[in-house]
Amino acid sequence: MTVRRPVAWVVAVVLFVEAVGVTALNWFLAIVVDRQDMSLAGLDPDMMSVSSKIGGVVFGLYFALCGLVALLVAVRDRAPAGLGRVLLISAAVVHGLLGAFTWGLVGPGAFVFMIVVLGLIVLLLMTYDAREEAAASGPRPEDGGKGDDGSPVSSPPAPTTP
């Protein structure tokens with residue numbers, strides 16, 4: 001039994017929940033700033049409120065897109081490629097950085113959550129990489145020089161110079 005698909009499902013669910021949570025938190029903070037009607041270092045409170053809402057929506061959409069990539073990985077049972085892989089790697093980096101900041105600002109509970117999500121994303125990326133490396137390594141000696149489907153394996157053609 002492999003852990004690839006369950007990990008991909010868990011990552012997808014966590015990233016979707018996190019997308020909603022980040023958006024809701026920023027929206028709540030925007031409402032708080034708007035109701036206090038105070039400026040911070042001379043900044044316009046309305047601008048701070050609007051920018052917090054926009055930032056929350058953009059960041060939430062980013063996490064939702066990363067969750068969609070993880071969901072596609074879980075459904076297809078194939079490694080993410082191209083932009084999807086880049087998105088998952090960037091999400092891992094973001095969780096590492098947020099984990100470092102949350103230790104001092106929020107506390108160890110938030111740090112543990114960020115590091116667990118970071119670990120899940122890295123596990124998702126690494127389990128599919130290990131599978132592809134095993135498939136790319138070619139036939140094993142115990143196969144008798146045959147591929148996975150039993151057909152003989154031949155060497156690729158030698159390169160020629162023009």
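## Helix α1

Ten positions need listing by name here: in α1, the buried residues are Arg-4, Val-7, Ala-8, Val-11, Ala-12, Leu-15, Glu-18, Ala-19, Val-22 and Ala-30. Buried means under 20% relative accessible area, exposed means over 50%, and partly exposed lies in between, with a 1.4 Å probe and protein chains only. An α-helix has 3.6 residues a turn, so residues three or four places apart point the same way.

The helix has 33 residues. Its first and last C-alpha atoms are 48 Å apart, close to the 48 Å expected at 1.5 Å a residue. The expected span is 1.5 Å times one less than the number of residues. Asp-37 follows α1 and has a positive phi, near 50°.

## Model and conventions

This is a predicted model, in which local features need pLDDT of at least 70, side-chain atom pairs count only at pLDDT 80 or more, and totals for chains, interfaces and linings use all residues. Numbering starts from 1 along each chain as its sequence is written, and side-chain values use heavy atoms, with hydrogens and water left out.

## Overall fold

The protein has four helices and zero strands. From the N terminus, the order is α-α-α-α. Helices (H or I, at least four residues) and strands (E, at least two) are DSSP runs, numbered from the N terminus.

Of the 162 residues, 28% are buried. Among contacts with a separation of 6 or more, 67% join residues 24 or more positions apart. Contact means heavy atoms within 4.5 Å. The accessible surface is about 10,500 Å², and carbon and sulfur atoms hold 71% of it. Areas come from the Shrake-Rupley method with a 1.4 Å probe; for residues, only the protein chains shown count as cover.

## Largest pocket

The largest pocket has a volume of about 430 Å³. Of its 17 lining residues, Val-22, Leu-25, Leu-98, Thr-102 and Met-114 are the closest to its centre. Two or more lining residues come from each of α1 (4-36), α2 (45-76), α3 (83-105) and α4 (108-136). α1 gives the largest share, seven residues. The lining has 13 nonpolar residues, three polar and one charged. Ala, Val, Leu, Ile, Met, Phe, Trp, Tyr, Cys and Pro count as nonpolar; Asp, Glu, Lys and Arg as charged; the others, Gly among them, as polar.

A pocket is an open set of points on a 1 Å grid over the protein atoms alone, where a 1.4 Å probe fits, with protein on both sides within 12 Å along at least five of seven lines; lining residues have an atom within 4 Å of a point. Volume is the space filled by probe spheres set on the points.

## Second largest pocket

The second largest pocket has a volume of about 190 Å³. Its lining is Val-69, Leu-72, Val-73, Arg-76, Arg-78, Ala-79, Pro-80, Ala-81, Gly-84 and Arg-85. α2 gives the most, with four. By class, the lining has six nonpolar residues, one polar and three charged.

Ser-52 sits in helix α2. Ser-52 counts as buried because its relative accessibility is 17%. Beyond its neighbours within four places in sequence, Ser-52 contacts Asn-26, Leu-29 and Ala-30.

Asp-77 lies in the loop between α2 and α3. Its relative accessible area is 18%, so Asp-77 is buried. Phi of Asp-77 is positive, near 55°, in a residue other than glycine. Most residues other than glycine have a negative phi.
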